[in-house]
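Colleague: Could you walk me through this one before I start on it? I'd like to go residue by residue where that helps, and then look at the wider picture.
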Amino acid sequence: MCGIVGLFLKSKALEPQLGSMLSQMLGVMDDRGPDSAGFAVYGAGDPSTVKLTLRSDGGERIEGVAAALQEHLGQDLGQDLGSSQRGSHLVLTIPKDAEQKVRDWLAAHHPEVRVVGAGSRMELYKEVGLPSDVAERFALKSMSGTHGIGHTRMATESAVTTDGAHPFSTGVDQCLVHNGSLSNHNGVRRYLERDGLTFQTENDTEVAAAYLTWRMRQGIDLKSALEACLSDLDGFYTFVVGTESGFAVVRDPIACKPAVMAETDDYVAFGTEYRALVGLPGIENARVFEPEPAKVYVWERH
Amino acid sequence: MSTVDLAVTPLRELNAALHKLNGHSNDTRWEVLNPLGKHAIAVGIDAPVTVEIEGHVGYYCGGMNKQARIVIAGNAGVGVGENMMSGEIHIKGDASQAAGATGRGGLLVIDGNASARCGISMKGIDILVKGSIGPMSAFMAQAGNLVVLGDAGEALGDSIYEARLFVRGAVKSLGADCVQKTPTAEERETLAAILKRGGCDDISPDEFRLYGSARRLYHFHIDNVSSY
């Protein structure tokens, strides 16, 4: 099963409500994926800094990492180190050019800490549990932003773990959620590994995310990268993808997994089922449509 | 008329009330408010009543319907009218995938478009789509008529048995064993009757092309033709 929700705001006035809208949508999708949930939100940010969303392998709160980083890498971080705790996840804001140093330091001194996402604006949270509880624990409701995507997971092929929860992020400000299952992910993973990409899990969805990262690294845009998915990824998929400025949807050529969208002057919304969209403002007059199979839909912020 | 507001009344109560109608009630008109995309609204009715649903519905709306006339003032989710036996379902918006799947009788009218697999495995139902239909429609369709005023997507009528597919617009491609046929006088009458029932009697049956089975994939025997 699994459920996906996504929201891309056109109206600036709605930005403070992004979290509450997304949270409500995610909660409706509880029964499509009660195992675990996750979401990514594109909020405030500065192009000269990068936000690293961290979580501990054991799921407990990460304490003291920010202070230890400041102590050991203070020179590199300058006065820019910002840290904020949200549920079990810690978001560090660091100068962009210090990212690799921080990652290396974390890997050496805190192997239990995982970087779940990195971006100038993107923050990414995921955890095992009923999606509405997960949203509550991370206080999604209180978040503001321009766009966000969320996922409720009913695991079919691998264990119910936070590692296996979506979204997956394999590039700066990039994230992807997936409903379906890929059948050629092992082959694609091996190919991408040879080309220098690294993977944190055995999950098929992470391969799809990495595939897009790889394609966009070649210099092609989000739309073309998703079009390439149609020929290179085999299996069932509805993908919803976020980038710093973009929001995209694609379904496999037989549209195996359900999807419905709504568009108004104020927003574009995605739901696995229409139920997820009924709480949105002005939904009764929205253009409600089903994205066509094998067609890439992209919205960009201007 | 009974009005049920699904924002207040649990869906099970509505469906239980509709199931009790069979032959015992003068309450022949029902209005359903705030369907909010809920699944399985008005499934399993077996009574000559009219149910008007004001808004978008979720999966399997009007499934297994017998006798009732169900009007949906909105879009319908996956599998609207699945396995319907008789009566009529009229969707004023678009329908999602597998509209009228396995339907055995009655009339399904979709004013907008229907997406993939419309009429999959249909077994006697008549489906009239005023817009276009998605790919893989009428897959393994066994009997009944699918009438499309617009276009049809890829692989129309793949592995079709004895259903008839009338398409007015373009067909992207035909599925395995599906071929264009010359309609008989009887088939043209059937088409005209469906157009009339769906309020499209201003459209001439001559504007449609008929597609059906080449009968190379299954063991068709002419002696059995009356069973379809």
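Colleague: Is Glu54(B) buried, partly exposed or exposed?

Modeller: This is a predicted model, in which local features need pLDDT of at least 70, side-chain atom pairs count only at pLDDT 80 or more, and totals for chains, interfaces and linings use all residues. Residues are numbered from 1 along each chain as its sequence is written, while chains are lettered from A and ligands numbered from 1 in the order in which they are written. Glu54(B) counts as partly exposed because it has 16 C-beta neighbours inside 10 Å; the class lies between buried, at 20 or more other C-beta atoms within 10 Å, and exposed, at 12 or fewer, with C-beta atoms placed from the backbone.

Colleague: Which residues does Glu54(B) touch?

Modeller: Leaving out residues up to four places away in sequence, Glu54(B) touches Glu31(B), Val32(B), Leu33(B) and Ala73(B), where contact requires C-beta atoms, placed from the backbone, to lie within 7 Å.

Colleague: And which strand is Glu54(B) found in?

Modeller: Glu54(B) is found in strand 3 (residues 50-54) of chain B, strands being DSSP runs of E with at least two residues and helices runs of H or I with at least four, numbered from the N terminus. Four bridges join this strand 3 to strand 4 (residues 69-72) of chain B, and the two run parallel; strands pair if DSSP finds at least two bridges between them. Thr50(B) stands opposite Arg69(B) of strand 4.

Colleague: What does Val71(B) pair with in strand 5 of chain B?

Modeller: The bridge partner of Val71(B) there is His90(B), and four bridges join strand 4 of chain B to strand 5 (residues 88-91) of chain B, again in a parallel arrangement.

Colleague: Switching to chain A, how is it divided into domains?

Modeller: By an automatic or database domain assignment, chain A has domain 1 (3-44 + 125-300) and domain 2 (46-120). Their contact takes 14 residues from domain 1 of chain A and 14 residues from domain 2 of chain A, and strand 7 (residues 122-128) of chain A gives the largest share of the domain 1 side, three residues.

Colleague: What do the buried residues of helix 6 of chain A pack against?

Modeller: The buried residues of helix 6 (residues 204-217) of chain A, among them Val207(A), Tyr211(A) and Leu212(A), pack against strand 9 (168-171), strand 10 (174-182), helix 5 (185-194), helix 7 (222-232) and strand 11 (235-242) of chain A. Helix 6 of chain A is followed by Gly219(A), whose phi is positive, near 100°.

Terms used:
Two residues are in contact if their C-beta atoms, placed from the backbone, lie within 7 Å. The expected span of a helix is 1.5 Å times one less than its number of residues.
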